[in-house]
Every structure is written in C-alpha cells, then in structure tokens.
Amino acid sequence: MDEQEPSKVRNLKKLLKFVRPYQRRLTVAFAITVSLTAIQMTPPLLMKFIVDEIIVGGQWSLLEFFLFLTLVVPVTASGLRVLNTYTISVISHRLIMDIRQTMYRHMLSLSLRFYDQMGTGKIMSRVMGDVATVRSMVTMRMLSIVTDFVTFWVAIGLCLGLNWRLGTILIVLLPLYLFNYFGWRGGIRVSIRAWRAKMDRVSVGLQERLSGVQLVKAYGKERRENRAFAEETRGTFEQSMQTATYRAGYSAGVWAVSGLRNTIVFCMGCYFVIQGEMTYGGVMAFLAYAMRVFQPVLNLTQEALRFEQMMISVDRIYEVLDYEVDVVEKPDAPNLGPVAGAVEFEDVRFEYNEDEPVIKGVSLKIEPGEMVALVGQTGCGKTTLTSLLMRFYDVSDGAIRIDGHDIRDVRLRSLRTQIGQVLQDSVLFDASIRENLVYGNPDATEADIIAAARVGEIHEFIIRTADGYDTILGDEGIKLSVGEKQRLAIARAVLTDPGILILDEATSSLDSLSEALIQKAMANVLEGRTSFVIAHRLSTIVNADKIVVMDSGKIVEVGDHETLLEKPDGRYKELYEQQFAGAVEDVAAN
Ligand SMILES: Nc1ncnc2c1ncn2[C@@H]1O[C@H](COP(=O)(O)OP(=O)(O)OP(=O)(O)O)[C@@H](O)[C@H]1O
Ligand SMILES: [Mg+2]
C-alpha cells in the first residue's frame, strides 16, 4: 500500500497536465461556484428577518424589499448555475477528448507487444470507462467538493453567530456522523469491490459466450450456458443486496443522528426563545443552517470514496500512457527507398515473453525476387519471423537487413510500405470495397484499383456484387468468405506495389474454386518481388526458389523441393510424407 501511494500521487500530478490548459476556465468555474454557494446560503437569513422584523416586529414597510430579495436570490442563483454547468461541460468534455486522443496516439505508436499483453477488452475499458470516471471526478465532483467546503464553513460560522451555545452542541454532534460513516464504510467498500469483481466476471463471460455463440450452438450447450449465466448474475444480485443492506444501515444511522440533531436544536431553541436569548426567526434559520453543516460532511465522505475509485482509474489510464514505446524510430532515420528485395536475417533471436525464446538464432540470405516458402509445424515461428521483418517487434539479438540496411536504421513507415502483407486471417474494415483496397495507397487511380483487383483474381467477384467497388463490407454490408477476403487482401497489398511480399496462407480448407483462384492470384502477385510464403499447400511450396524448413524457432533445412526430398532422413521429407503424400496426385494432375 505504502509503495503505491507515491505512484498515485505521481499519477495525479501527471493528470493535472491535462487540466492545465483549462486553468483559466476552471478558475472562472471556481469563482462562480463560490458565489453561487454564498448566494444559496442567504434564504434562511432572509427568512429570519422576515419572521423577526416584519411578522413579529411589525415593520411592514420592509416587506416589499424582502419579498423582492427572496425573488432575486433564486433567479440569480439559477443564472449562475446555468453558466457554471456550461463552463464545466466544456472543460470536462474537452478533457476526456484530450485524454482519449493522447491515449490513442500513444497506443498506435506502441508495438504489438502492448496489444499482446493488454488485450482489446482491457484497452477498451481504459479508454472509455476509466476516462469517463476521471472526467466526472475532475470537474463536476471537484466543484461539488468546493461547494461543500464553502457551505460547511459558512454554515458553521452562521450557526455560531446565531447562537454560540447551540452552535457548539451542533459541533459536538458532528462526530456521530463520522462514527456512523466509518462504521459502515468498511463493509460497503468490501461489498462494492466484490460486486465489481463479480460484474467483471459476468461481462467477460458474456463476451466469451457471445463471441463463441457458434460453438455453444454447435455443441448444443444453450441450457448449460444459460444456467451458468443465471448463476453468475445471481451472484451479482446477492452482492448488490449485501451492499444495499449496508447502505440501508448507514442511512438509518444518518437519519437517527439527524433526528437527534433536530430534536436537540428544537428543544434547546424553544428554551432559548423562552429565555429571550433567541428569536423565533433565529431558531428557524439555525435549523436550516444546521442541516447545511451536516450535509456537506455527508457529501464529503461520499466523495472520499469516489475519489479512491477515480485514483484506480487514473492508475489504469497511466498503465497505458506510461507503456514504453519499444520499437523506436531513430531520429533522422532515412527513408528506405524502393527496394530491390535482398533480405538477410543474421543470427536473429526473439522472444515474446522473457526466457521463452521463440526464434532461436535464424540466419538466412535471400536474393532479390526470390520466392521463399516457410514450412514447419504449427507454432514453430513462421508468422513470428515475418512479424520481425515488418518490425512489429524488435529482435532481441542479431539483425535483419533489407538491401543491406538494418531495418532498425530506417523510417518505420518507409519500411512497412515496402512490404506487402497478406495475413492468415485478413482484416478488412467495415467500409466499401474501394476504400479497403486503397487503404495503403489512397492516391490510386481507378485503373490501378481494377488492375490490382485483377491481379488478386477478385475483379470478377466485385463487379457481380450489387454496388461493385462501392459495395460495403462488414456488419452493415456483405460478408465475405475466407477465400474472398484473402483475394481482396492480396489486391490491397498489390496496390502499394511493395518490393517484398509476405503471404501467410490461410490454413482453413478452401473450396477448390477459391483455392484455384488464390493460386492464380498468388502466382500473379509474386512476379518480380521477393516473397515469403508461409505455405500449407504443396503446389505453392513446390514452386518456391527456396524452401526453408523450420522447427521450434530454428531453421533446420534450406533448399528446393527436389534437393530436400533427396535427403534421406530430412525433416522436409518427413513433413512432406506426413502432410502431402495424398496431395501429390492432385499436383501432378494440375
Ligand atoms: N503474440 C504472442 N505472444 C506470445 N507468444 C506468442 C505470440 N504469438 C505467437 N506466440 C508463440 O510463439 C510461437 C510461434 O508462433 P507463430 O505464430 O510464429 O507460429 P507459426 O509457425 O506461424 O504457427 P502456425 O503455422 O500455426 O501459424 C508459438 O509457440 C506461439 O505460442
Ligand atoms: Mg502463423
């Protein structure tokens, strides 16, 4: 706990950086709040004058003036309130906008390591939920804390001024509130925390079941999942009830202390009136102010709880903002010009997590225009090797060079635009086909787009859709098959005319037409480019200039199909016999 405190203070200080641009506006809001609070303190005093001077004292000539004041006060107060709400809204909404933009910018500058570690769900809840928590605390709540402080001190001063003895009794009663608060706080806190944890579990479970709904249905597990969900939600219900019980206890305590306060003030007030120490109006005003002494104390204790919650959110936000950029671009790094496509891996080592090496010393030289097939069992590091070439991660040791330039020495953007990538599972945005195609090259002409679509063997498909190139994909639009997605992704990669191409073949089985189309698309696209093909199809592998056989992070064999097959106990031969033996006739037939 003690270790965490300094980091909390540090984070809070850092958060103030976001508030600083709005200092002037906040000062204005602060001033308005103080004036508003002061104005709202006047009605009981006005009432006292009306009762004592006008009703009891019979000074009827003052009536009009006081009635006028009783009208002016609420009108002024509501005017100020509108102004305040507006000012605060502007500040708070800009604040969250600033924080979210800063987070997003930072996140996009981070390597994939960050996304591996944090996960989309956690990132989402930080960018959306935690930022919203901070917003309400930094602005709305900050001002209500100011209001409470001002109200408390002014009210206590007025009470003492109206009757110091009664005022002292009031102060003596205050600790009762605090006892009640601290008595219940522990229970409330623990049960809220437990409730949050249970809610987290419900939402994680819900997300899992929704995204896996196909699996649930396929195994006919609807009833089981229903039961599990019902049980989880019942858990949160029971937890909520526990919290509600504690809260009810706390409220009962508040009511008891307030009742005691009213009774004492009333009895003592009557006594003082009879003794001639207080006026009727004085007792009424005192009671009104007494309530205003207690309310801020209650509010502030509540705020203290909320403040803690906000600190948790601040910490979570800074988990993102403080995440160090690990793939760093050197200052003044030159652009990597259009590349010939010579690629060299020199004793490359890499690990995702410490002490769990994934790539264990890979050395490989590839000439411009060569087609390399990466083969090996699942999990041996093929995709990882291509991620390193894209510099999604930095190598832990060794170097990767393109045309002799270490990829860490050139501008990231220039490196990545030189490499086209078609992934195992192609990502397309919910936008039109055209927008998806030109994602990497927004300046592409209509002719370029169509040419690229032809290379990807997807043009024919596109023109058969309802709106052609303007057809919308995704949730709102048409859904594509795996093969269609991959052909679109190939066309998208072609449009940037990369010197190096990475194709991570879909492992899922495709129908034979899709398969043939992809084969053709790939043959079109590989021409004249250095390419890394992570191949599962024999027909692709056979055509490769170099077949690189990997096994748990190492290269075990390099050569072309014939050479490798001739090795008596070769790894490739073994793989080939395991996986492709049945497919040989197909290839021969093609
Ligand atoms: N983001 C990641 N974080 C941690 N470990 C990872 C990550 N991605 C992959 N790995 C691990 O690294 C190893 C290599 O994974 P990689 O994806 O490179 O395999 P692959 O050869 O492409 O397999 P496949 O043929 O199934 O696509 C695996 O053991 C995998 O568990
Ligand atoms: Mg892979």
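Visitor: What makes up the accessible surface of the chain, and how large is the area?
Guide: The accessible surface is about 31,700 Å², and carbon and sulfur atoms hold 59% of that area. Such areas come from the Shrake-Rupley method with a 1.4 Å probe, and for residues only the protein chains shown count as cover. This is a predicted model, in which local features need pLDDT of at least 70 and side-chain atom pairs count only at pLDDT 80 or more, while totals for chains, interfaces and linings use all residues. Residues are numbered from 1 along each chain as its sequence is written, chains are lettered from A and ligands numbered from 1 in the order in which they are written, and side-chain values use heavy atoms, leaving out hydrogens and water.

Visitor: How does the radius of gyration of the chain compare with that of a compact globule of 590 residues?
Guide: The rule for a globule is 2.2 Å times the number of residues to the power 0.38, with the radius taken over C-alpha atoms. For 590 residues a compact globule would come near 25 Å, but the chain has 36 Å. The C-alpha trace spans about 115 × 50 × 50 Å along its principal axes.

Visitor: What counts as a helix or a strand here, and how many are there?
Guide: Both are DSSP runs numbered from the N terminus: helices are H or I with at least four residues, strands are E with at least two. By that count the chain has 21 helices and 10 strands.

Visitor: Why is Arg-391 called buried?
Guide: Buried means under 20% relative accessible area, exposed means over 50%, and partly exposed lies in between (1.4 Å probe, protein chains only). Arg-391 has 2%, so it is buried. Arg-391 sits in the loop between α11 (382–389) and β4 (397–402).

Visitor: Which residues does Arg-391 contact, leaving aside neighbours within four places in sequence?
Guide: Contact means heavy atoms within 4.5 Å. On that basis Arg-391 meets Val-327, Val-328, Ile-407, Arg-408, Leu-412, Leu-415 and Arg-416. Val-328 is 63 residues away along the chain, with 10.0 Å between its C-alpha and that of Arg-391. Of the contacts in the chain between residues at least 6 apart in sequence, 76% join residues at least 24 apart.

Visitor: Is Glu-303 buried or exposed, and how do you know?
Guide: Its relative accessibility is 7%, so Glu-303 counts as buried. Glu-303 belongs to helix α10 (residues 280–321). Beyond four places in sequence, Glu-303 has contacts with Met-137, Arg-141, Ser-144 and Ile-145.

Visitor: Why is Arg-25 called partly exposed?
Guide: Arg-25 has 35% relative accessibility, so it counts as partly exposed. Arg-25 lies in helix α2 (residues 23–40) and touches Thr-87, Val-90, Ile-91 and Arg-94, not counting residues up to four places away in sequence. Val-90 is 65 residues from Arg-25 in sequence and 9.1 Å from it, C-alpha to C-alpha.
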